[in-house]
Amino acid sequence: MKLKIKNYLIIFFRFSLTLISFTLPFLFIEGAYQNMILKGHYLWFAYFIFIFFILIYQLVKTGYYELIQARIQNEKLIYKNLLFFRKEIKIKNLTGYKNGIDDSGNEFITIFNDKNKKIATLKINVYANLHEFIIALNCKNIGNEFTLLQKIIMKIKKFFTEK
């Protein structure tokens, strides 16, 4: 069974955005040289470069865990991360999956291996046959996946309700 993508334009846009983000620090350095470095605003310059590196890291990390091509063949899950990294894992080595909702309100499913390490994140609005694909993996639901913002909100809520 093969995982089918609803709209390849979404994948192309996200991949292009990730590649374009690598040029942000260089464009900023070129534009900010006259206005920031020559005027001695080194702290602001370092701050903006740091923000750009965090943005690049976040885009690459989210893009890495989203599967582009995946199929089940001979009791193995064969998939590619970031269009380049081809990996395969035996289906019996999958622990299960977790459901979640990201900060934009889109539902997703995260697949974990037997070492409780995230293998992939599958967004429901991107794939056409996601539910059939999960059923074919013979995975069980092992809980809910929370985003970083959701975890922070839960910790704050827990802090105030315990007092």
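Ile11 has a relative accessibility of 10%, so it counts as buried, the cut-off being under 20%. Keep in mind that this is a predicted model. Ile11 sits in helix 1, which covers residues 8-21. In sequence, Ile11 and Val126 are 115 residues apart, yet their C-alpha atoms lie 8.4 Å from each other in space.

Now the helix that carries Ile11. How does helix 1 pack against helix 3? The angle between them is about 150°, and the axes are 9 Å apart; helix 3 is residues 42-65. Because angles over 145 degrees count as roughly antiparallel, helix 1 is roughly antiparallel to helix 3. The crossing of the two is left-handed. On the helix 1 side, the residues in contact are Arg14, Leu17, Thr18 and Ser21, and they meet Ile56, Leu59, Val60, Thr62 and Gly63 of helix 3. By type, that contact has four nonpolar residues, four polar ones and one charged.

Next, helix 2, residues 24-37. Helix 2 also packs with helix 3, at an angle of about 170° and with the axes 11 Å apart. Helix 2 and helix 3 are therefore roughly antiparallel as well. Helix 2 contributes Leu24, Pro25, Phe28, Ile29, Ala32, Met36 and Ile37 to the contact. From helix 3 come residues including Tyr42, Trp44, Phe45 and Phe48. Which residue types make up the contact of helix 2 with helix 3? There are 16 nonpolar residues, no polar and no charged.

Terms used. Residues numbered from 1 in each chain as written. Predicted model: local features only at pLDDT ≥ 70, side-chain atom pairs only at ≥ 80, totals over all residues. Heavy atoms only, no water. Helix = DSSP H or I, 4+ residues; strand = E, 2+ residues; numbered from the N terminus. Buried < 20%, exposed > 50% of the residue type's maximum accessible area, 1.4 Å probe, protein only. Axes fitted to C-alpha atoms, helices over the stretch in contact; angles between N-to-C directions. Parallel < 35°, antiparallel > 145°, perpendicular 65-115°, else oblique. Left-handed = near helix turned anticlockwise from the far one by under 90°. Contact = heavy atoms within 4.5 Å. Nonpolar A, V, L, I, M, F, W, Y, C, P; charged D, E, K, R; others polar.
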